[in-house]
Amino acid sequence: MSGPKPKIVVEYRGNVAVATFTDEKILDESHIKAIEESVCSLVKQGDYTGLVLDFSNVEFLSSAVLGILIRILAGTKRKGAHLRLCGINEKVYDIFKITRLNKVFDICLDVQQAVESIPVG
Amino acid sequence: MTAGKAVNRSLVLKSRLAEMRKASRRILAEARDSGFSCDDMFAIHLAVEEALVNAVKHGNGKDPEKKVKVEYSADPQKFEIAVEDEGRGFSPKDVPDPREEKNLYKASGRGLLLMQSFMDIVEYNTSGNRVHMVKYRSK
C-alpha cells in the first residue's frame, strides 16, 4: 500500500542537496508549511555547499511561497551555503520578475546547470 | 477559443483557509468551463487565491466567525470577482512596494502587487474591505 506522496523529494549530488517539489500547485497553507519545515531542516542539518530547489513540476505558486523562499535564502546564507532555483516555467518566472525576486535569487535552467554553478568546497 | 457558458454566483464563506481553498477550486472550475485561455486562467487563479487569503488572514484575522462574501461572474467578455471581508479594511496606498530595495527581502507583502499585475482592474471600496477585480478575456 502506498502512503501519501511526499511534497519534496531530496537527492544528493556530491555536496549539493537537490530538493524537487512534487506538486503542481503550491498554495495550501499546510502544504507551504510542510515544504518550509522540510527544506529548513535540510538547511540546518547536513554538510553541503549548495541547495537546489527544483520547480520543474510546479505549474503555479502563490505569494506565500515567495516568502518561504526568502526565509530559505536567509537560512542558506547563514550556513554559508549557496541557493539555486531551477526548472521554473515561464508563467511562474513572471511572478519572480514582477516582484523583482529574479534579482534576489539565482535562477538556473535546470538541475544540472544549477548544480554545476555551485562552487566546489 | 470561443467563450463557454456564462456564470453568475454569490458565496458566503467562513474564514477558514480550507473553505477558501474549496471555493477557489469551484470558482476556477467554472471560469475554466467558461473557456478562458491558459494564460487568463493563470491570472484568475493567482488573483482569486491572493484575494481570498488576504480576506481571511488580514481582513478577518482568521476568525472563523467572520464571513467572506464572494460574488463572481464570467461572460464572453470577462471574468469578474468581488471579495469582501468583515474587517476594518485598509488603504492599498499604505502597502509598501515590495520591489523597493528596503522591502525586497521581506517575507510578505507581494499579494496586492501580483493581483494588480495579473488582473486588468483591481479596485477597493472606500474602507478597503472589498476588492473588485476584472480580467478581460484574451483574444
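**A friendly note on chains A and B**

1. Let's start with chain A: from the N terminus on, its elements follow the order β-β-β-α-β-β-α-β-α-β-α. Here helices (H or I, at least four residues) and strands (E, at least two) are DSSP runs, numbered from the N terminus. Chain A has 4 helices and 7 strands.

2. A word on the model. It is predicted, so local features need pLDDT of at least 70 and side-chain atom pairs count only at pLDDT 80 or more, while totals for chains, interfaces and linings use all residues. Residues are numbered from 1 along each chain as its sequence is written, and chains are lettered from A and ligands numbered from 1 in the order in which they are written.

3. Back to chain A, which has 121 residues, 32% of them buried (20 or more other C-beta atoms lie within 10 Å of the residue's own, with C-beta atoms placed from the backbone).

4. Now chain B, where 5 strands make an open sheet, ordered β1-β2-β3-β5-β4, with antiparallel pairing. Two strands pair if DSSP finds at least two bridges between them. At the edges are β1 (7-14) and β4 (121-124) of chain B, each pairing on one side only. From one strand to the next, the twist averages 10°.

5. Look at one pair in that sheet: β1(B) and β2 (residues 67-74) of chain B run antiparallel and are joined by 8 bridges. Val12(B), for example, has Lys69(B) in β2(B) as its bridge partner.

6. Two helices lie across the sheet strands. α1(B) lies across β1, β2 and β3 (78-84) of chain B, at about 175° to β1(B). α2(B) lies across β2, β3 and β5 (130-136) of chain B, at about 175° to β5(B). Axes are lines fitted to C-alpha atoms, for helices over the stretch in contact, and angles run from 0 to 180 degrees between N-to-C directions.

7. How do α2(B) and α3(B) meet, and at what angle do they cross? Their axes come within 9 Å and cross at roughly 145°. Residues making the contact include Ala43(B) and Leu46(B) of α2(B), and Leu114(B) and Phe118(B) of α3(B). Two residues are in contact if their C-beta atoms, placed from the backbone, lie within 7 Å.

8. Finally, the two chains touch: 17 residues of chain B are in contact with 16 residues of chain A. On chain B's side, α1 (17-33), α2 (38-59) and α3 (111-118) each supply at least two residues.

Terms used:
A residue is buried if 20 or more other C-beta atoms lie within 10 Å of its own, exposed if 12 or fewer, and partly exposed in between; C-beta atoms are placed from the backbone.
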